[in-house]
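The entries follow in the order in which I checked them.

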Amino acid sequence: MGFQGFYGHKQIADELSASFARGTNAHGYLFIGPAGCGKKTLARLCAQALLCVRENGEKPCGQCRACKSFIAGTHPDLIEISPEKGKTAISITQIRDLINQHISLRPYEGDKRAVIITGTITPQAQNALLKTLEEPPKGNVIFITGQNTAQFLPTVLSRLRTYNLATADYEASILALTDKGIDRQKAALLSNVTDGNIGKAIELNESSVYWEMRDTALEILRPMDKTELAGLLNKLNGYFENAHMMLDIIETLLTDAQRSKANARIYMTDKQFEIERIAENFSTCDISALLDTVFQGRQRLSGMVNLQSPWQVVSERLLFKIVEVTKGWQK
């Protein structure tokens with residue numbers, strides 16, 4: 001078994017696999033990368049390798065009693081924490097409970113314990129974890145995940161071995177998707193659209209609304225006049241729950257139009273004709289102005305919980321900008 005099922009970051013996986021097989025692993029790890037890049041998957045693989053009781057060969061083996069209880073979710077020395085329900089970050093109380101109720105005690109089975117911490121950690125909670133990271137009780141290994149190093153205190157970063165899981169290798173991403181039963185042509189498209197992010201690609205493959213929204217985005221990215229605004233605005237407003245995804249789709253289509261103008265490879269390869277039409281209908285300056293509007297929309301939505309009202313403003317401004325750059329007010 002080993003780390004063979006972890007796609008897209010072979011060098012990192014090989015290095016970690018070798019260190020856990022030899023027993024030369026660090027006491028603390030930080031896996032950095034965007035949502036869907038596989039950082040939690042890698043943390044769990046490392047945790048399973050740590051707890052695996054196979055004496056020789058690759059770890060995790062997937063067959064020993066420790067691996068079987070790990071896979072079943074019943075291993076007593078696997079501890080996972082994330083923000084409590086309704087909270088946005090891990091609190092200092094959670095970290096103190098983790099230390100007092102688990103890390104400070106001997107492992108329950110064997111001589112190793114794996115601790116996986118996922119989600120934002122408050123600065124106070126990070127400070128509470130510092131001493132444990134510097135001198136962890138024997139056998140404890142801590143795996144932390146985050147989107148970027150800016151989330152962490154310098155004192156925390158200095159005590160962890162950090163791995164950056166950026167975009168996966170294109171072919172590795174396709175292989176991972178085809179192993180999930182997705183045909184190669186669609187896997188290639190998904191890998192393109194998500195820039196190799198396997199988790200996001202799987203999510204999009206299972207989403208019916210994504211492809212519907214893409215059709216809507218193509219519908220609005222064309223010359224239009226002000227008489228069409230009400231109908232299109234009503235249609236866009238219906239996607240408020242997926243507002244961020246809609247902005248991602250529009251940005252990708254506009255970026256593809258720019259790339260088409262430069263005769264570069266586009267991301268949405270199945271919509272080449274439509275993207276060429278966007279490139280014909282909008283000048284480079286027009287596309288830049290629309291991308292700026294998308295960026296401003298993201299800023300407006302940032303940190304919002306209820307997106308319905310702010311999304312109405314964002315979608316209205318986006319449509320007005322399209323009408324403006326295509327001189328639709330004059331029709």
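**Backbone and helix entries**

I began with N263, which I located in the loop between α12 (243-261) and α13 (272-281); helices here are DSSP runs of H or I with at least four residues, strands are runs of E with at least two, and both are numbered from the N terminus. I noted that the model is predicted, that local features need pLDDT of at least 70 and side-chain atom pairs count only at pLDDT 80 or more, while totals for chains, interfaces and linings use all residues. Residues are numbered from 1 along each chain as its sequence is written, and side-chain values use heavy atoms, with hydrogens and water left out.

I read a phi near 60° for N263, a positive value in a residue other than glycine, and at 73% relative accessibility N263 counts as exposed (buried is under 20% relative accessible area, exposed over 50%, partly exposed in between, with a 1.4 Å probe and protein chains only).

I then looked up D195, in the loop between α8 (184-193) and α9 (198-205), where phi is positive at about 55° although D195 is not a glycine; D195 is partly exposed, with a relative accessible area of 45%.

Next I checked the bond from K59 to P60, which is cis with omega near -5°, and placed P60 in the loop between α2 (39-51) and α3 (65-72).

Finally I turned to α3, whose buried residues are A66, C67, S69 and F70. Seen down the axis of α3, they fall within an arc of 165° (taken from the directions from the helix axis to the C-beta atoms), so they line one face of the helix. On the other side of α3, I found R65, K68, I71 and A72 exposed.
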